[in-house]
Each structure stands twice: as C-alpha cells, then as structure tokens.
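Work through these exercises with the model open beside you. Try each task before reading its solution.

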Amino acid sequence: MEKLIERFIQKDRMALSKLITLVENDSPKSLDIMKAIYPLTGKAYVLGVTGPPGAGKSTLVDKLIRNFRNKAYRVGVLCVDPSSIFSGGAFLGDRVRMEWAYRDDGVYLRSLATRGALGGLAPRVSEIIKLMDAFGKEVIIVETVGVGQMEADIMRYADTKVVVSVPGLGDQMQALKAGILEIADVLVVNKADLPGARDVVDDLQMMLYLRKDSDWTPEIILTEALNDRGISDLYAAMQRHRTFLGQSGLKERQTRLQREHACYSAIEERLKNYLRESFLEAEEVKKIFMRVQEGGLNPYQAADEILQLLFSKTHRGR
Ligand SMILES: Nc1nc2c(ncn2[C@@H]2O[C@H](COP(=O)(O)OP(=O)(O)O)[C@@H](O)[C@H]2O)c(=O)[nH]1
Ligand SMILES: [Mg+2]
C-alpha cells in the first residue's frame, strides 16, 4: 500500500483509481489510506450538482468542466447515480459525451454505483472527494440524482450546491422544492429553450420568499446546457457564492464540523472493524451469542454483557 500511495503522490492516475476503489469498497486499509493522504487535502473547491434524472445535469457538468479547464483548473468529477446501475444507457451516454474529458489529463472522471440504491448506505463520497483533493484537483464536481435524504447527505460535502430543475416536471416539482429549500445555494432552471422555463423561475422565486432567514439568498440562473447558454452566468453565481462562503466565515465553520465528523466516523469505523475482526471470534462471546440465539438471554442485556467483556479485555490488554 505504501507503494500505491507513493505513486499517488507522484500523480499517477492509476494509483488514484486504485485507492478510490479500495475506499469505495470499505477495504480494511481505508483508514490508513485516509490517514496518509489527509495532510495533502483542504485545497479543493467542491461543487455539488443535483436534480431529477434527465434535467441535463451531466450536460451542464460537461460544460462546466470545459469552463474550468479553460481557466486551467485541474478538475475531478464524481458521478453518484444509482440510475446508471439499472439503465446502463444513461451512463453510456455520459461516457460518449465525456470522451474528450477522458483524454484530458487535467480531468479525472469517476462514477460510483451507489450502494444507496441497494442497501440505503451513502457511498464514501467524502473520502473520495478527499482523495481527489489530495491528488491535486482544484475543483471537484459531484453529480447526484434527485433530492432525497441520501442526496442531501452527499451534497453536505459540497461548498456550493447547485440544484437543477427544468420545465415540465409536474408533481416532481413539489418534491424538488421541498428538497431545494434545505440545500440549494444556486438554482438552475435548465432547458430554458423549452416553453415554461419562465414559470419555473417564478415558482422558485415564490418559494424563496418562504425560505427561512439566512445570510445567503440563492440566485436563479436560466441555462441551456445543450446550447452552451447561461454557463458563464452560472459560473459567476458560483464564484459569488464561493466568495460569500469565505467572507462570512461559513466555510471555516463547515470545515471545522467536517473535520470533527471525519474523526468521529473514523472512530466508529475502527470500532466496527475491531469488533468484527478480533473480538467476535472470542469463545466467551460466541457462548453469549449462542444463548441469545436459543432465546435464553435477552439480546439487549447480552449486548451490555458483551460490551463489558470488550472493555475489560481492552484494559487487560494494556
Ligand atoms: N432542450 C434541451 N435539452 C437539453 C438541455 N440540456 C440537456 N438536454 C438534454 O436532456 C437530456 C438529459 O440530459 P443529461 O445531461 O443526461 O441529464 P441528467 O440525467 O440530469 O444528467 C439529454 O438528451 C440532453 O441532450 C437543454 O438546455 N435544452
Ligand atoms: Mg447524468
């Protein structure tokens, strides 16, 4: 693993890919990887893009990457899209569209099959962002579908959260609005070439009046991603939000919370591994589990007993 991290530090993309795969699959090496690369993190600007399927997020992301590349930023893209598991088509479309980006050394594209769709677990987005950040990506774009709880959790890691809507969403719009209130920093109404775009803007404007007081009011930007229109407006809105984050001290507050959260979840992870690997193999614990299985022992009480065993063992080990 040291070799792999060495190659990573020397900007070997293959090493980045391998490390991401290890972390994505919850390898026992994950925490050691994170420990090693952490000192290199903390520089990237993270942009989250979410919205319903078909809204044009990937088209928009494609145009944004070009924009950032024109300004010579190194870009990482993480696409978290459960629909790409089921309909290979969408993902294939993205691949064809992004062909140019795969050939650009300054762009790193990664697609994550969310475990969310399968087991309700948020994938290791925060860790993967850190890996790209440590690798030297200055801008990291995370594309995710929809505005459910998992997506909101994922968007938490973004500095600027862009929510994309389009004309003609119908009932989906209500769900979207509920989600938007919580997370959006910039509201994009894409497919402005279609009828009804103005109505969506009015609708969103109304909704913003209802938003609880906050220091930042999301801007509403009309785009036609397909025709490359409105991208510079979006870019400018993102820049304004980024400046706001810095000047208001919000960025600093978020960073502090994220650091603590990283530590907390690392402890949880270590404890889980510890339980699974060593302790649960112990004979005395197996006996307790057996009694629980047979119905002779209250499972909740047994949990206490096992934890007591764990702690006394830990002390004896010192
Ligand atoms: N009319 C119109 N179609 C668009 C626009 N932007 C994207 N699309 C199309 O919408 C479809 C879905 O786009 P995609 O980027 O894959 O959406 P995603 O699922 O949100 O990532 C594709 O056929 C795009 O070509 C736009 O501004 N106007
Ligand atoms: Mg997409």
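**Exercise 1.** Determine how helix α3 packs against helix α14.

Solution. Take α3 as residues 30-37 and α14 as residues 250-277. Helices here are DSSP runs of H or I with at least four residues, numbered from the N terminus. Their axes lie 10 Å apart, at an angle of about 150°. Axes are lines fitted to C-alpha atoms over the stretch in contact, and angles run from 0 to 180 degrees between N-to-C directions. The pair is therefore roughly antiparallel (an angle over 145 degrees). The crossing of α3 past α14 is left-handed, meaning the near helix is turned anticlockwise from the far one by less than a right angle. Next, list the residues: α3 supplies L31, D32 and K35, and α14 supplies A266, E269 and R270. Contact requires heavy atoms within 4.5 Å. Finally, sort by class: the contact of α3 with α14 has two nonpolar, no polar and four charged residues. Nonpolar covers Ala, Val, Leu, Ile, Met, Phe, Trp, Tyr, Cys and Pro; charged covers Asp, Glu, Lys and Arg; the others, Gly among them, are polar.

This is a predicted model: local features need pLDDT of at least 70, side-chain atom pairs need 80 or more, and totals for chains, interfaces and linings use all residues. Residues are numbered from 1 along each chain as its sequence is written, chains are lettered from A and ligands numbered from 1 in written order, and side-chain values use heavy atoms, without hydrogens and water.

**Exercise 2.** Describe the packing of α3 with α9.

Solution. Locate α9 at residues 125-135. Its axis is 10 Å from that of α3, at about 40°. The crossing is left-handed. I33, M34 and I37 of α3 meet E127, K130, L131 and A134 of α9. Five nonpolar, no polar and two charged residues make up this contact.

**Exercise 3.** Find the relative orientation of α4 and α13, then classify their contact.

Solution. α4 spans residues 57-70 and α13 residues 231-248. The angle is about 70°, and the axes are 10 Å apart. That makes the two roughly perpendicular (65 to 115 degrees). From α4 come L60, K63, L64, N67 and F68; from α13 come I231, L234, Y235 and M238. The classes are seven nonpolar, one polar and one charged.

**Exercise 4.** Which residues are closest to ligand 1?

Solution. Ligand 1 is surrounded by 17 residues, each with a heavy atom within 4 Å. The closest are G54, K57, S58, T59 and D193. Now check the backbone. A polar backbone atom of G54 is 2.8 Å from a ligand 1 oxygen. For G56, the corresponding distance is 2.9 Å. A backbone N or O atom of A225 lies 3.0 Å from an oxygen atom of ligand 1.

Definitions and conventions
Parallel < 35°, antiparallel > 145°, perpendicular 65-115°, else oblique. Polar contact = N/O pair within 3.5 Å; in protein donor to acceptor, adjacent residues only side chain to side chain.
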